[in-house]
Amino acid sequence: GTHEQLGLLPCGWPARYGKPCPTCGVTTAASLVVHISPFRALWTQPFGAATALAGLVLAAFALRALVMRESLVARIALWPLGTLTIATIAIFLLGWGWTWLRW
């Protein structure tokens, strides 16, 4: 219900399918990361925790690029984007599986 506290509608997936949706718990996990509870965030939804942590890391890279007067886009272009994409999909599916187990 964290997304409902933000004024969003309740998720219809559980009512329709009887199981959690692929992003069930992501908002809660991201909120827990921001509130410095990373272990609770991982327990709640690993993909949500990883996404929030990745956002914080990207913000740090952006700040560094700004201070150093470097191009953030050029730096990101050096990252192994194929590997990161596969890892993101794997974490997403594992997070959804974890949520199903805990449902």
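A residue is called buried when its relative accessible area is under 20%, exposed when that area is over 50%, and partly exposed in between, with a 1.4 Å probe and with protein chains only taken into account. The structure above is a predicted model, in which local features need pLDDT of at least 70 and side-chain atom pairs count only at pLDDT 80 or more, while totals for chains, interfaces and linings use all residues. Residues are numbered from 1 along each chain as its sequence is written, and side-chain values use heavy atoms, with hydrogens and water left out.

Within the chain, the lowest confidence belongs to helix H1 (residues 2-5), with a mean of 82, and the highest to H5, with a mean of 96. The helix names follow a rule: helices (H or I, at least four residues) and strands (E, at least two) are DSSP runs, numbered from the N terminus.

Helix H1 contains Thr-2, and this residue counts as buried because its relative accessible area is 18%. The side chain of Thr-2 is joined to that of Thr-28 by a polar contact of 2.5 Å. A polar contact here is a pair of N or O atoms within 3.5 Å; within protein, one atom must be able to donate a hydrogen and the other to accept it, and residues adjacent in sequence count only if both atoms are side-chain atoms. Gly-7 is exposed, because its relative accessible area is 64%. Between Gly-7 and Pro-38 there are 31 residues of separation in sequence and 24 Å in space, from C-alpha to C-alpha.

The cysteines can be considered next. A disulfide is a covalent bond between the sulfur atoms of two cysteines, and the cut-off used here is a pair of cysteine sulfur atoms within 2.5 Å. By that rule, the structure holds zero disulfides. For Cys-21, which is in no disulfide, the nearest cysteine sulfur is that of Cys-11, 3.7 Å away. Cys-24 is likewise in no disulfide, and its nearest cysteine sulfur, that of Cys-21, is 5.1 Å away. With 9% relative accessibility, Cys-21 is buried, whereas Cys-24, at 23%, counts as partly exposed.

Ile-36 is not a glycine, yet its phi is positive, at about 60°. The position of Ile-36 is in the loop between helix H3 (26-34) and helix H4 (38-44), and Ile-36 counts as exposed because its relative accessible area is 73%. Arg-69, also a residue other than glycine, has a positive phi near 60°. Arg-69 lies in the loop between H5 and helix H6 (72-77), and with a relative accessible area of 80% it is exposed.

Which residues form a nonpolar patch on the surface? They are Leu-63, Leu-66, Val-67 and Met-68, which together have about 440 Å² of accessible area. Such areas come from the Shrake-Rupley method with a 1.4 Å probe, and for residues only the protein chains shown count as cover. Patches are made of residues with over 30% relative accessible area and no salt bridge, where like charges are joined within 9 Å and nonpolar side chains (Val, Leu, Ile, Met, Phe, Trp, Tyr) within 5 Å. Val-67 belongs to helix H5 (residues 46-68) and is exposed, because its relative accessibility is 61%.

Side chains of opposite charge can pair when their charged atoms come close. A salt bridge is counted when a side-chain nitrogen of Lys or Arg is within 4 Å of a carboxyl oxygen of Asp or Glu, and the count by this rule is two. In one of them, Arg-64 is paired with Glu-70, with the closest N and O atoms 2.8 Å apart. Arg-64 is partly exposed at 37% relative accessibility, and Glu-70 is partly exposed at 33%. Glu-70 also meets the side chain of Arg-75 in a salt bridge, at 3.2 Å from N to O, and Arg-75 is partly exposed with a relative accessible area of 29%. Through salt bridges that share partners, Arg-64, Glu-70 and Arg-75 are joined into one network.

Helix H6 also includes Leu-72, which counts as partly exposed because its relative accessibility is 23%. Leu-72 and Leu-58 are separated by 14 residues in sequence and by 9.4 Å in space, from C-alpha to C-alpha.

How values were computed. pLDDT is the predictor's confidence in each residue, from 0 to 100.
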